[in-house]
Amino acid sequence: MRRAVFLDRDGTVIHNDGDLGDPDAVKLLPGAAEAMRHLRQAGYALVVVTNQGGVARGKYDEAAVHATHERLEQVLRRATGLHAVVDAFYFCPFHPEGTVERYCREHPWRKPAPGMLLEAAREHALDLGASWMIGDQERDAQAGASAGCRSILIGAPSAASDADFFAHDLAEAALRIAHEDTPKVAAGMVTLHARPDVDLHAPALRAAITTAAEGLAERTGVRLRGLDWNTHGLTATVEGGEIIALGFAAELRRTTERWWRAHGGSGPLWAGA
Ligand SMILES: [Mg+2]
């Protein structure tokens with residue numbers, strides 16, 4: 001049996017502009033493709049599970065949802081360079097307050113119910129107890145918990161949530177999964193090299209990078225053992241080995257590049273982007 005990561009679609013993998021049944025409007029969220037590539041390469045089956053009440057409300061039909069998912073898979077293949085990204089898409093077209101009569105009811109597939117996850121587990125021989133659910137709504141966390149998976153909610157931490165963990169985005173969630181599922185046997189080290197004309201010792205820059213690294217560690221559970229600075233590089237040492245270190249560095253690079261651009265940096269902060 002394989003372990004899987006179940007992914008909500010709107011607001012988790014792609015931008016959420018309300019119900020989406022238009023393939024041309026598919027737009028990946030930042031970091032989503034890279035996160036999905038890492039998860040797939042780590043051996044997880046990727047299964048998208050999405051409520052599509054827009055079908056019940058008559059906004060678009062099931063064929064439009066299928067076309068949207070085909071486009072999403074194309075976009076993900078292009079962005080990741082992989083031949084296949086998502087193993088299976090499941091959607092629930094039903095809604096109790098719909099306007100299209102045949103879809104106008106509650107349904108065991110509609111999150112927070114776990115029906116889509118259970119069906120996917122049957123069809124694809126997935127080990128639910130070793131699997132994860134990631135979504136941006138509490139109903140996603142509830143569906144994951146009901147199916148026996150661990151869950152990560154994209155959003156602010158809340159004691160009232162069924163989620164096991166919280167993350168800013170899919171990339172952080174993927175790092176959390178790598179951290180939780182990797183035996184804590186060794187430390188991993190990775191060095192980020194600044195562009196030659198960037199002074200890594202500038203106090204504001206150094207403080208921002210330190211804050212970003214500590215925040216990332218706190219949000220993902222990754223144990224940061226140290227940051228070692230030299231003139232043109234920064235070496236991060238984390239617990240959990242090389243894969244965790246590489247994932248941590250990729251996320252640190254992404255968040256600090258954002259800070260750098262927002263504070264007037266021209267060109268990239270790090271070399272080899
Ligand atoms: Mg969502």
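Trainee: Which residues does Phe 248 touch, leaving out those up to four places away in sequence?
Mentor: Keep in mind that this is a predicted model. In it, Phe 248 is in contact with Leu 175, Leu 216, Val 222, Ala 236 and Val 238.

Trainee: And which residues touch the most other members of the largest nonpolar core?
Mentor: Phe 248 again, along with Val 5, Phe 6 and Leu 117. That core has 75 residues.

Trainee: Which helix gives the largest share of this core?
Mentor: Helix H6, residues 170–181, with seven residues.

Trainee: Where does the core lie relative to the two domains?
Mentor: Between them, because domain 1 (4–181) and domain 2 (187–262) both contribute residues to it.

Trainee: Okay, switching to strands. What's the order in the open sheet of three?
Mentor: E7-E9-E8, with antiparallel pairing. Strands E7 (187–193) and E8 (224–229) each have a single partner strand, so one side of each has no neighbour in the sheet. From one strand to the next, the twist averages 15°.

Trainee: How many bridges are there between E8 and E9?
Mentor: Five, in the antiparallel sense, with E9 covering residues 233–239. For one of the partners, look at Val 238 in E9, which is bridged to Leu 224.

Trainee: What about helices, which strands does H7 lie across?
Mentor: H7, residues 203–220, lies across E8 and E9, and runs at about 165° to E8. Helix H8 (residues 242–262) also packs on the sheet, where it touches E7 and E9. The direction of H8 makes about 30° with that of E7.

Key
Residues are numbered from 1 along each chain as its sequence is written. This is a predicted model: local features need pLDDT of at least 70, side-chain atom pairs count only at pLDDT 80 or more; totals for chains, interfaces and linings use all residues. Two strands pair if DSSP finds at least two bridges between them. Helices (H or I, at least four residues) and strands (E, at least two) are DSSP runs, numbered from the N terminus. Axes are lines fitted to C-alpha atoms, for helices over the stretch in contact, and angles run from 0 to 180 degrees between N-to-C directions. Two residues are in contact if their C-beta atoms, placed from the backbone, lie within 7 Å. A nonpolar core is a set of buried Ala, Val, Leu, Ile, Met, Phe, Trp, Tyr and Cys residues joined through C-beta atoms within 7 Å. A residue is buried if 20 or more other C-beta atoms lie within 10 Å of its own, exposed if 12 or fewer, and partly exposed in between; C-beta atoms are placed from the backbone. Domain bounds come from an automatic or database domain assignment.
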